[in-house]
Amino acid sequence: MTLPTTGTVVTYPLGALTSESRVLHIEPLDDGRVAVLLDRTSCHPVDAAWPDQPADRGVLDAGDVSIDILDAVVAATDGSALYLGSDIPVRKGTDGWAFVVAHLVGEDAGLTEGDSVTVEVDASYRAALSAGHSACHLAALALNAALAGAWSKDARVDSLGAPDFDGAANETSTILERGARDTYRIGKSLRKSGFDPAALDDPDAVAALVNATLASWSGVIRIERDGELLTDRRYWVADLPGGEARIACGGTHVGSVAELGAVTVQLTTEQLEGALGVTMLTSC
Ligand SMILES: [Zn+2]
């Protein structure tokens, strides 16, 4: 079967849980699983390039069979082969390559190219991840605000005008069900940029500032996007009291700050080799 030459249309960014889709390609993998490529999908895949939000759970419904989606990953093809996850050899946007969502299933259950399937995503798991992801972005912005006084030199600012500590120091971000874990590294280059790590000498005090900011926020959250394809740029936008917050983001989100209930963080620090490590646990 031929590999697709255009990317997958994705409907999850605007909140879709189901999609009526057509099977474009089926590829058996070395590990016994089967990759199913569709023209469009409501299933959020994990992206090996920035694996913050896990893949959705769900099924492919094909008439009277329901096929469990074991995993969903960002994949890419140049028309001759399919590369999954970290095996993708090129950057997004490279000419001649299509970036697609690969739905990994245990067996193809008789699917063939051209078949119609309905993608059905697990709604409660998605809702928990969407809440966690929105809370993660809000916490990052509130952390930037809490640490604004720690900078002695001009730094790149976030969309609310605070120096972007999160953008400069974030090492890993993991979206959890109704929460997130972010790790930061304050090393030599950040200190040279004017950030004073002493601002985190009392992490509980910083967390209290972050939590006070989070408690004061409300507003509508929406996704803006340049197009419908997997690789089209998308932005998380929140109309907060202090202005419009905007962060480039490929994940899924809730529709308002109010949907999250109380968002709170805990901060811990640890001394690493030549750097201060910071972990922020966000929950809602
Ligand atoms: Zn995001």
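Q: Why is Asp-182 said to have no salt bridge?
A: In this predicted model, the nearest side chain of opposite charge to Asp-182 is Arg-181, 8.9 Å away. A salt bridge needs a side-chain nitrogen of Lys or Arg within 4 Å of a carboxyl oxygen, so Asp-182, though buried, has none.

Q: What makes the pair of Asp-182 and Ser-173 a polar contact?
A: The two side chains meet at 2.7 Å. The cut-off is 3.5 Å between N or O atoms, and therefore the pair counts as a polar contact.

Q: Which residues is Asp-182 in contact with, leaving aside its neighbours within four places in sequence?
A: They are Cys-136, Asn-170, Thr-172, Ser-173, Val-278, Thr-279 and Met-280. Each has heavy atoms within 4.5 Å of Asp-182, which is what contact requires.

Q: How do you know that β12 and β17 pair?
A: Asp-182 lies in strand β12, residues 179-186. Between β12 and β17 (residues 275-283) there are eight bridges, in the antiparallel sense. Pairing asks for at least two bridges, so these strands qualify. Within β17, Ser-283 stands opposite Gly-179.

Q: Why are β11 and β16 called edge strands?
A: The open sheet has four strands in the order β11-β12-β17-β16, with antiparallel pairing. Both β11 (170-176) and β16 (264-272) pair on one side only, and this makes them the edge strands. On average, neighbouring strands of this sheet are turned by 15° against each other, direction ignored.

Q: What lies across β11, β12, β16 and β17?
A: Helix α1, residues 123-146, lies across these strands and runs at about 145° to β11.

Technical notes:
Residues numbered from 1 in each chain as written. Predicted model: local features only at pLDDT ≥ 70, side-chain atom pairs only at ≥ 80, totals over all residues. Heavy atoms only, no water. Helix = DSSP H or I, 4+ residues; strand = E, 2+ residues; numbered from the N terminus. Buried < 20%, exposed > 50% of the residue type's maximum accessible area, 1.4 Å probe, protein only. Lys, Arg positive; Asp, Glu negative; His and termini not counted. Polar contact = N/O pair within 3.5 Å; in protein donor to acceptor, adjacent residues only side chain to side chain. Axes fitted to C-alpha atoms, helices over the stretch in contact; angles between N-to-C directions.
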